[in-house]
Amino acid sequence: MSKKRGKAVATATVAPASDVQAFTFGDPTPVLDGRDLLDYIEAWRNGKWYEPPVSLDGLAKSFRSTPHHSSAIQVKVNILTSMFKPHALMSRETFGAWVLDFLIFGSAYLEQPRNRLGKRMPLKHALAKYMRRGCDDLDVYFFVQSWKEPHEFAKGSVFQLRQPDVHQEIYGLPEYLSALQSAWLNEAGTLFRRKYYSNGSHAGYILYLTDALTDEKQVDAIKQALKDSKGPGNFRNMFLYAPNGKKDGVQLIPISEVAAKDEFFNIKNVTRDDVLAAHRVPPQLLGLVPTGTTGFGSVIPAAQVFAINELLPLQTRFQQLNEWVGQDVVNFNAYPVASLAANGTEKSAP
């Protein structure tokens, strides 16, 4: 009997309330999207045509990955299109689409259709995302879409404007490739922040409970109340009553909230600078708000330097079409900002 009593006493001394309980709020949620990375390889033969060295679909998706990337491209398109002089063979709309393709993909294409008499008709823009060059003859182009049969253009009817590449001479590549990683990181930071707020349990925390509760039902009630506070309408108050509780019996310990906030702004700022450096667009022209006390300076001199260093070389490159057509199809008006003083007024004659 004494042995049995000893065993009974030993069993009674085990306190299940002393066990540590840990649980998570919500299931894991994927943050990043499934965009394919651009594998930089040489153009390879695919029977009839050469495949591009990078994923053109990836470049198209990356165009809207961050506002700094898309805005830097769009501001060049808008300025150049506004300066373009429409021609009988090229409308302003066709020119704008041609410029957009060149700045995104590094290659841009125009088709020269002819009537039955052999005379030139207005140039048509061909989407660079689906254009391929022939293997047997580089003057033969194909329009390739996955759900349609490839369309073969007549030989010599397509003009390709190409940004030179050091690895191959079949397709052009955009200048901003070195900044794509920064653009994706900028987008990843924004997507993570959205998931962070949509999740409801912002930044995460540890609920440290040391007060002895009456039974397990009270612990389960607290867990359920915390789980119910997740999601829409999650900014709620919770009442907790613990009789004879100590001052620090219940502690809410936040984790990584401040650090996550600081890292978010650091990532956004650093990646923004990388993208703008790749596009070489002054921040004043993109509507960015300066964070320092000095500001960005006057917008007029910045726009004038931008026109000389970036817009003028692009205009010269687009005028290569004139040699192929044999006419001055691409011409531009003067940039209005070039004649302004730093204060925005017309420059006085010397």
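Author: Happy to! Let's begin with helix 4, which is mostly covered, as 10 of its 14 residues are buried. Buried means under 20% relative accessible area, exposed means over 50%, and partly exposed is in between, with a 1.4 Å probe and protein chains only. Helices (H or I, at least four residues) and strands (E, at least two) are DSSP runs, numbered from the N terminus.

Reader: Before we go on, what kind of model is this, and how are residues numbered?

Author: This is a predicted model, where local features need pLDDT of at least 70, side-chain atom pairs count only at pLDDT 80 or more, and totals for chains, interfaces and linings use all residues. Residues are numbered from 1 along each chain as its sequence is written, and side-chain values use heavy atoms, with hydrogens and water left out.

Reader: Thanks! Which residues of helix 4 are buried?

Author: Those are Thr94, Phe95, Gly96, Trp98, Val99, Asp101, Phe102, Leu103, Ile104 and Phe105. From its first C-alpha to its last, helix 4 reaches 20 Å, close to the 20 Å expected at 1.5 Å a residue. The expected span is 1.5 Å times one less than the number of residues. Just after helix 4 comes Gly106, with a positive phi of about 80°.

Reader: What does Trp98 touch?

Author: Leaving aside neighbours within four places in sequence, Trp98 is in contact with Met90, Ala108, Tyr109, Leu110, His125, Phe159, Leu161, Phe318, Leu321 and Val330. Contact here means heavy atoms within 4.5 Å.

Reader: And which members of the largest nonpolar core touch the most others?

Author: Met90, Phe95, Trp98, Phe318 and Leu321 do, in a core of 63 residues. A nonpolar core is a set of buried Ala, Val, Leu, Ile, Met, Phe, Trp, Tyr and Cys residues joined through side-chain atoms within 4.5 Å.

Reader: Where does Met90 lie?

Author: Met90 is in the loop between helix 3 and helix 4. Met90 counts as buried because its relative accessible area is 1%. Not counting residues up to four places away in sequence, Met90 touches Phe84, Phe95, Trp98, Leu110, Leu123, Leu321 and Val329. The C-alpha atoms of Met90 and Leu110 are separated by 9.8 Å, and the two residues are 20 apart along the chain.

Reader: Nice. How do helix 3 and helix 4 pack?

Author: Their axes are 9 Å apart, at an angle of about 150°. That makes helix 3 roughly antiparallel to helix 4. On the helix 3 side, the contact includes Ile73, Val77 and Leu80, and on the helix 4 side it includes Phe95, Val99 and Leu103. Axes are lines fitted to C-alpha atoms, for helices over the stretch in contact, and angles run from 0 to 180 degrees between N-to-C directions. Angles under 35 degrees count as roughly parallel, over 145 as roughly antiparallel, 65 to 115 as roughly perpendicular and the rest as oblique.

Reader: What about helix 4 and helix 8?

Author: Those axes come within 12 Å and cross at roughly 110°. That makes helix 4 roughly perpendicular to helix 8. Here Phe95, Trp98, Val99, Phe102 and Leu103 of helix 4 meet Leu314, Arg317 and Phe318 of helix 8.

Reader: Back to helix 3. Is it mostly covered or mostly uncovered?

Author: Mostly covered, with 12 of its 17 residues buried. His69 is in helix 3, and His69 counts as buried because its relative accessibility is 2%. Apart from residues up to four places away in sequence, His69 touches Ser62, Phe63, Tyr176, Val275 and His279.

Reader: Changing topic: what is the phi of Arg280?

Author: The phi of Arg280 is near 55°, a positive value in a residue other than glycine. Most residues other than glycine have a negative phi. Arg280 lies in the loop between helix 7 and helix 8, and Arg280 is partly exposed, with a relative accessible area of 39%.

Reader: Last one: how many helices and strands are there in the chain?

Author: The chain has nine helices and eight strands, and 38% of its 350 residues count as buried. Of the contacts with a separation of 6 or more, 65% are between residues 24 or more positions apart.
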